Amino acid sequence: MAEKVNYDNYLKVSELLSLQESLSEPKAHDELLFITIHQAYELWFKQILFEMDAACVAIKAGAAYDATRIFQRILKIEGILVPQIHILETMSPRDFLSFRKILNPASGFQSVQFRQVEFLSGMKSQESLDSMDRFDLDTTKLHQRFNEPSIREVFYEALQTAGYDVAIPTDNTNPEGDDLDRTLETLKTIYEFPEKHYKWYALAEALVSHDQNLLLWRFHHVRVVERLIGSKMGTGGSAGVKYLESTLSKRAYPMLWFARGMLTDDLYGTIRGHTTD
Ligand code: HEM
């Protein structure tokens, strides 16, 4: 007879709770926290990727409203992932050193799911892919994502299909010259008149919020890293804080960030069809 469903066997709680294996000897108290927080992030990355894939399908179909709704969930999840990193500040630099050497040469740098989130968002580069291939990791999915269109590409394709005059950026590159100019002009119009272009405006803003959350996560992560290891090198072999600081300029949707800076302040009256006085 089939086992009756209960909380444990449905959610596989026993299996889940057997996955936090400390390596330190004698056991370092803080290693459990270190493992748990990374595993919690990976579970949420899985959920985020699942939702981003669904959003990508919706955008491809021109269903901007559905994609925006899916992104609302992604943004809520990211909203807890940003402050969550600070739990690690309850570990002192000395506590961390008590087990840090056993992690060598493992590092969050090798999180394949984090790279997938970057690639699917639109932050793809051959250099990034190659750097992951240097480790003994299963990067099959990452290669697949590298070769598939990102949400950035799909978003501009959908705008074009909907009749907007935009060029489609690829991988880590933006359109150039006239293509860049006409794309920015179009985006500017969307930001000038959100009420006329609402479903695309709302999606664009969801994408910017997602980009901003990634950036905020990077910023909070690097501050926590600085508190814990100062100027030490990372276990993954990078320059540590210095390397992480260099990632703070990454953006998946640079044109959306730029377009708002093109708006002028003489619009307030016009957009409501009356003057402001
Ligand atoms: C004690 C806490 C932590 C320390 C000291 C730390 C340190 C570092 C350092 C130094 C790097 C640069 C690569 C290297 O040389 O290792 C890095 C990268 C990274 N870490 Fe952490 N980390 C911590 C916690 C976390 C947590 C909880 C996560 C959650 C998944 C995480 C995810 C990442 C990711 C995704 C990268 C790659 C960032 C990029 O390349 O843009 N880290 N970490």
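Trainee: What's the relative accessible area of Phe 135?
Mentor: In this predicted model, Phe 135 has a relative accessible area of 23%. Buried requires under 20%, so Phe 135 is classed as partly exposed.

Trainee: And Phe 109, what's the value there?
Mentor: Phe 109 has 21% and is also partly exposed.

Trainee: How many aromatic pairs are there?
Mentor: The count is 14. One of them joins Phe 109 and Phe 135, edge-to-face, with 6.0 Å from centre to centre and 75 degrees between the planes. This pair links distant parts of the chain, 26 residues apart: Phe 109 lies in the loop between helix H5 and H6, and Phe 135 in the loop between helix H7 and helix H8.

Trainee: What about Tyr 191 and Tyr 201, how do they pair?
Mentor: Edge-to-face, 5.6 Å between centres and 75 degrees between planes. Tyr 191 belongs to helix H10 and Tyr 201 to helix H11, 10 residues apart.

Trainee: Is Tyr 191 buried or exposed?
Mentor: Buried, at 8% relative accessibility.

Trainee: Which polar atoms lie by the ligand's oxygen atoms?
Mentor: Among them, a polar side-chain atom of Ser 107 is 2.7 Å from a ligand oxygen, and a side-chain N or O atom of Ser 238 is 2.6 Å from one. For Gly 237 a backbone N or O atom lies 3.5 Å from a ligand oxygen.

Conventions. Residues are numbered from 1 along each chain as its sequence is written. This is a predicted model: local features need pLDDT of at least 70, side-chain atom pairs count only at pLDDT 80 or more; totals for chains, interfaces and linings use all residues. Side-chain values use heavy atoms; hydrogens and water are left out. A polar contact is a pair of N or O atoms within 3.5 Å; within protein, one must be able to donate a hydrogen and the other to accept it, and residues adjacent in sequence count only if both atoms are side-chain atoms. Rings of Phe, Tyr and Trp (its six-membered ring) pair if their centres lie within 6.5 Å; planes under 30 degrees apart count as stacked, over 60 as edge-to-face and the rest as tilted. Helices (H or I, at least four residues) and strands (E, at least two) are DSSP runs, numbered from the N terminus. Buried means under 20% relative accessible area, exposed over 50%, partly exposed in between (1.4 Å probe, protein chains only).
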